[in-house]
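This briefing covers selected local features of one protein model. Please have the sequence and the coordinates open while reading.

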Amino acid sequence: MLLSIVIPSFNRREMLLDTVSRLEREIRWLPEIMATKLEFIVADNCSVDGTREAITRAATVVVRYEYFNEHLDIAESIDRAVRLGNGRYIWIIGDDDYI
């Protein structure tokens, strides 16, 4: 794995869906060999707004969804999310980032 794209999120289902959708559009132009070197990880910081259901229905790229059973502060959440990545490089994207 070359690049892990990690998106920490907490109760921002709609913003997260928009961010994932924009990322999907951006990677479509990549050659297939490059697309296979990416992983998308959504790290859900104990959301209760239906994030899990929404992301599994809406994502067209393979997204690894990880749910944290306890709510963490932002630094802990990002740290745990980064440790989930298998890529040589990690790219952290906020669930509200406009890409």
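The model is predicted.

**Largest pocket**

- The largest share of the lining comes from α4, which supplies three residues.
- Sorted by class, the lining holds five nonpolar, five polar and three charged residues.

**Asp95**

- Asp95 sits in the segment that follows β4 (89–92).
- The side chain of Asp95 forms a polar contact of 2.8 Å with the side chain of Ser9. A second polar contact, at 3.0 Å, links the Asp95 side chain to the side chain of Arg12.
- Beyond four places in sequence, Asp95 touches Ile7, Pro8, Ser9, Phe10, Arg12, Met15, Leu16 and Thr19.

**Helix α4**

- Helix α4 spans residues 74–84, and its buried residues are Ser77, Ala81 and Leu84. Viewed down the helix axis, these buried residues fall within an arc of 50°, so they line one face of α4.
- The cover over the buried residues of α4 includes the strands β1 (3–9), β2 (38–44) and β3 (63–67).
- On the face turned away from the buried side, α4 carries the exposed residues Ala75 and Arg83.
- Asp73 caps the N-terminal end of α4. A side-chain oxygen of Asp73 lies 3.1 Å from the backbone nitrogen of Ala75.

**Glu39**

- Glu39 is part of strand β2, one of the elements that cover the buried residues of α4.
- With a relative accessibility of 10%, Glu39 counts as buried.
- A polar contact of 2.4 Å joins the side chain of Glu39 to the side chain of Ser4.
- Leaving out neighbours within four places in sequence, the contacts of Glu39 are Met1, Leu3, Ser4, Ile5, Arg64, Gly85, Asn86 and Gly87.
- Glu39 and Arg64 are 25 residues apart along the chain, while their C-alpha atoms are separated by 7.6 Å.

**Positive phi at non-glycine residues**

- Asn11 is not a glycine, yet has a positive phi of about 50°. Asn11 belongs to the loop between β1 and α1 (13–27).
- The relative accessible area of Asn11 is 31%, and the residue is partly exposed.
- Cys46 is likewise not a glycine and has a positive phi, of about 70°. Its place is the loop between β2 and α3 (51–58).
- Cys46 is buried, with a relative accessible area of 18%.

How values were computed. Residues are numbered from 1 along each chain as its sequence is written. This is a predicted model: local features need pLDDT of at least 70, side-chain atom pairs count only at pLDDT 80 or more; totals for chains, interfaces and linings use all residues. Side-chain values use heavy atoms; hydrogens and water are left out. Helices (H or I, at least four residues) and strands (E, at least two) are DSSP runs, numbered from the N terminus. A polar contact is a pair of N or O atoms within 3.5 Å; within protein, one must be able to donate a hydrogen and the other to accept it, and residues adjacent in sequence count only if both atoms are side-chain atoms. Contact means heavy atoms within 4.5 Å. Buried means under 20% relative accessible area, exposed over 50%, partly exposed in between (1.4 Å probe, protein chains only). The arc is that of the directions from the helix axis to the C-beta atoms. Ala, Val, Leu, Ile, Met, Phe, Trp, Tyr, Cys and Pro count as nonpolar, Asp, Glu, Lys and Arg as charged, and the others, Gly among them, as polar.
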